[in-house]
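Biologist: Hi! Could you walk me through some side-chain details of this model? I'll ask as we go.

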Amino acid sequence: MKYTDYLRWGAIVAVFAALFIPFIIATGGWGMPNLFFPYITGKNFIFRILVEVGLLCYVLLALAVPKYRPRASLLMWAALAFVAWMAVATILSVDPIKSFWSNFERMEGYLGLIHLFVWFVIVGALLSAENLWERFFNVSISVGAVQGVWALFQFLGWLSISSQSGARADTTFGNATYTAVYLLINLFLTLFMLARTKDKHNATTLQVLYVAAIALQAVGILLTETRGAILGLAVGLVVAAAYLIFFARGKEYRTLRTWAIGAVVAVLVAGGALYAARDTSFVNNTPALRRVASISLSETTVVSRLNYIWPMALKGAAERPVFGWGQENFNFVFNKYYEPGMYNQEAWFDRAHNQFLDWLIAGGVPAFVLYLSLYLLAAWVVLRSPKFSAGERAALLGLLVAYAFNNVFVFDNLVSAMYFFAILGFLHSVSRRELPGSVALSKPMGEQTLAIVAPIAAGVILLGAWSANAPGIARANLLVSAIQTQEAGRDSSGLTVGVPKDPKKNLAEFERAFGPVVWPGNPLGVQETTEQFLQYTSSLAAQTNVDPQVKSDTFVAAKTAMDKLIAGRAGDARLELFNATLLGQFGQTQEAVSHLQKALQYSPQKQQILIQLGLTLLQAGDTQGALAALKKTFDSEPRYDAARNYYAVALYAAGQSAQADALLTERYGTTVVDDNQLLQAYMGLKLYDRAVAVWKKRIEANPDDVQLNLGLASVYFAAGNKADTIAILQKIARLQPSAALEMQNLIKQIQDGTLKP
């Protein structure tokens, strides 16, 4: 084989291997390291490495063989303009470092966009030159069918579902929404390939296989219970069918038009039937149908998008309309324009949950227009290219519409973005302009010149790949170890068991994670490492069995790390809140209040910040200041029960018990409310009857829970009720015989008066 054959196969293998990325979960198995955010980081690092390997092979191949070089098309120029504009937006962004590198949770940023554009160029040129698009799509469809089977097995209980998806099938994505859009894209690709079987010698066999794949993918989408994808599927099918009905002329399309009319009628009838039966037990007992039927203007997620998140995004876009805020910086918009009515939503949005608005925020109006142009130009190619039949056009139009509809309600992940750019590459390949033979770029590079260029290109690409990936992989792996509070040990019989980890080891691992980890280092994952370090340090605050010096060293290191992060990312309310929470737990209330006041400057209406400020002021003894902060929290959104409860705590602390009682009674009809903060207030005010009632309510739900019974016993004991205390301790001895001796000793000490409240 010539060296160009090796380069060709290297690039092809890298491209096709990327189709199996959905299966990657970086939890330490199958040769993968154990990484933080394993469903995200593993897929992204492998994709980037494959793109970089493919780029190295492709560049050298294209220099040697002109047929592999990229050609011009409107799609190519639009994609290039989009990426170029986002480079400017990144440089001028609110936080350029985060805009470029992103974080472990998302693994996007400008670095991710560059890889997607390189992927677009490689697949557009390589698969076209080798005429491999059909094989590429067929491999993808096969993988998608396996994912559909995986979703079915999760539904049947044969495979587990990740903890964050609840009962919704999420296969190997760890997020049901990501699984749904992946299956959605593959379903329409399968329809596209099905439309291509008409003149093939094995058409019947292919049709059976494609129909089976469509069935598996459709079932998988339903089992994810993702409303955007399910509705996107319906809308995409209707658009595809409508195209066939109105534009597929000729006798050869008569049957296809009949099927299209039937599909439209079926979708409309199914939608109408679902709406009519939305309150029936069948719909309510079928999760996917129940979720779709529950869509309304008053539904929580719909309200959050229409009333809060999208208006916030538009306000942010109006503030910075030209260059935007930069990728990964929606959190600044969210904090600044936060509305108290979002009290029942997740605390920190980092996306607008609308991919079009996300690009508007990231790169301003130019980025929004360029991103939208990718869809419009893609549709134009589909409609105008003579290389597609009516059925193929219908499938591709359905895909673009379904994907766009889905992206109105969610944001992209790596795999969906990878497919979008691959499809753009495919459409670019059918619309590109070939270069005439007289053009210099159509000539092969001389062997001597190539011998000089090849090692330079290899060195640059390999060094870039190492610098972009190795430090992040090492940090993500080290962070997993740093947050673990147990490690492998051995019991008396020699068996491997989990034993408590020395906090000194955790401290050392965190400190290593903040360094370059491996040469040359990069900032990817530093924010997550800092936040996890603060959470770990906070968990040490109340532990009495930890060496005070270790606890102090850990606190100093965590505070130093957060101060450094804040210095580089000024204006982030979340970081200020994290810092204040840590400081408060270690008794540095004055400094904690200072950081909370900064956080309020960046997010004036954020209840979480106001509540933390109120609690910190209570801790510092400033009752009136705490009362003012917690009253403001409650007044901003009286429907927020936690705000009501905290305000009641402040009223109790201020000696305004009658007002606190009225506040609780107004909402709950009683002053006995099961809330930990209120429970502490009841104990502090010696309202033991209320505390007893709360513990009894908890025990009613779990009568044999030893810890709950101990809680009730402690209240009885604090109230001086020896008889009931002893009765509960005797109950605990019966529930847990191994603790019987300890309970008997406590009873004896209570009876002889040596143990006092």
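**Around a buried glutamate**

Modeller: Glutamate 528 is in contact with Phe36, Phe37, Asn103, Phe104, Glu105 and Leu479, leaving aside its neighbours within four places in sequence; contact means heavy atoms within 4.5 Å. Before we go on, this is a predicted model, where local features need pLDDT of at least 70, side-chain atom pairs count only at pLDDT 80 or more, and totals for chains, interfaces and linings use all residues. Residues are numbered from 1 along each chain as its sequence is written, and side-chain values use heavy atoms, with hydrogens and water left out.

Biologist: Thanks! Which helix is glutamate 528 found in?

Modeller: Glutamate 528 belongs to helix α20, residues 526-541. Helices here are DSSP runs of H or I with at least four residues, strands are runs of E with at least two, and both are numbered from the N terminus.

Biologist: Which backbone nitrogen lies 2.9 Å from a polar atom of the glutamate 528 side chain?

Modeller: The backbone nitrogen of glutamate 105 does.

Biologist: What does glutamate 105 form a salt bridge with?

Modeller: Glutamate 105 forms one with arginine 106, and the closest N and O atoms are 3.9 Å apart. Arginine 106 is buried at a relative accessible area of 14%, whereas glutamate 105 is partly exposed at 32%. Both residues also belong to a network of salt bridges linking Glu105, Arg106, Glu108, Glu328, Asp350 and Arg351.

Biologist: Nice. How many salt bridges does the structure hold?

Modeller: There are 24 salt bridges. One of them joins the side chains of arginine 196 and glutamate 134, at 3.1 Å from N to O. That pair links distant parts of the chain, 62 residues apart: arginine 196 is in the loop between α7 (176-195) and α8 (203-224), and glutamate 134 is in helix α6. Glutamate 134 is partly exposed, with a relative accessible area of 26%.

Biologist: Switching to aromatics: how many aromatic pairs does a search of the whole structure find?

Modeller: The search finds 45 aromatic pairs. In one, phenylalanine 82 and tyrosine 371 have ring centres 6.0 Å apart and planes at 35°, so the pair is tilted. Rings of Phe, Tyr and Trp (its six-membered ring) pair if their centres lie within 6.5 Å; planes under 30 degrees apart count as stacked, over 60 as edge-to-face and the rest as tilted.

Biologist: Where are phenylalanine 82 and tyrosine 371 in the chain?

Modeller: Phenylalanine 82 is in helix α3 (residues 74-91) and tyrosine 371 in helix α15 (residues 355-384), so this pair links parts of the chain 289 residues apart. Both phenylalanine 82 and tyrosine 371 are buried.

Biologist: Why is the pair of tryptophan 119 and phenylalanine 136 tilted?

Modeller: Their ring planes are at 50°, with the centres 6.3 Å apart, so the pair counts as tilted. Tryptophan 119 is buried at a relative accessible area of 3%, and phenylalanine 136 is buried at 2%. Both are in one aromatic cluster, formed by Phe16, Phe47, Trp119, Trp133, Phe136, Phe137, Phe192, Phe388 and Phe426.

Biologist: Last topic, the backbone. Which residues does a cis peptide bond join?

Modeller: Tryptophan 519 and proline 520, with omega about 0°. Proline 520 lies in the loop between α19 (503-514) and α20.

Biologist: And what is phi of phenylalanine 37 near?

Modeller: Phi of phenylalanine 37 is near 50°, a positive value in a residue other than glycine. Phenylalanine 37 is in the loop between α1 (3-17) and α2 (38-64).

Key. Buried < 20%, exposed > 50% of the residue type's maximum accessible area, 1.4 Å probe, protein only. Polar contact = N/O pair within 3.5 Å; in protein donor to acceptor, adjacent residues only side chain to side chain. Salt bridge = Lys/Arg side-chain N within 4 Å of Asp/Glu carboxyl O.
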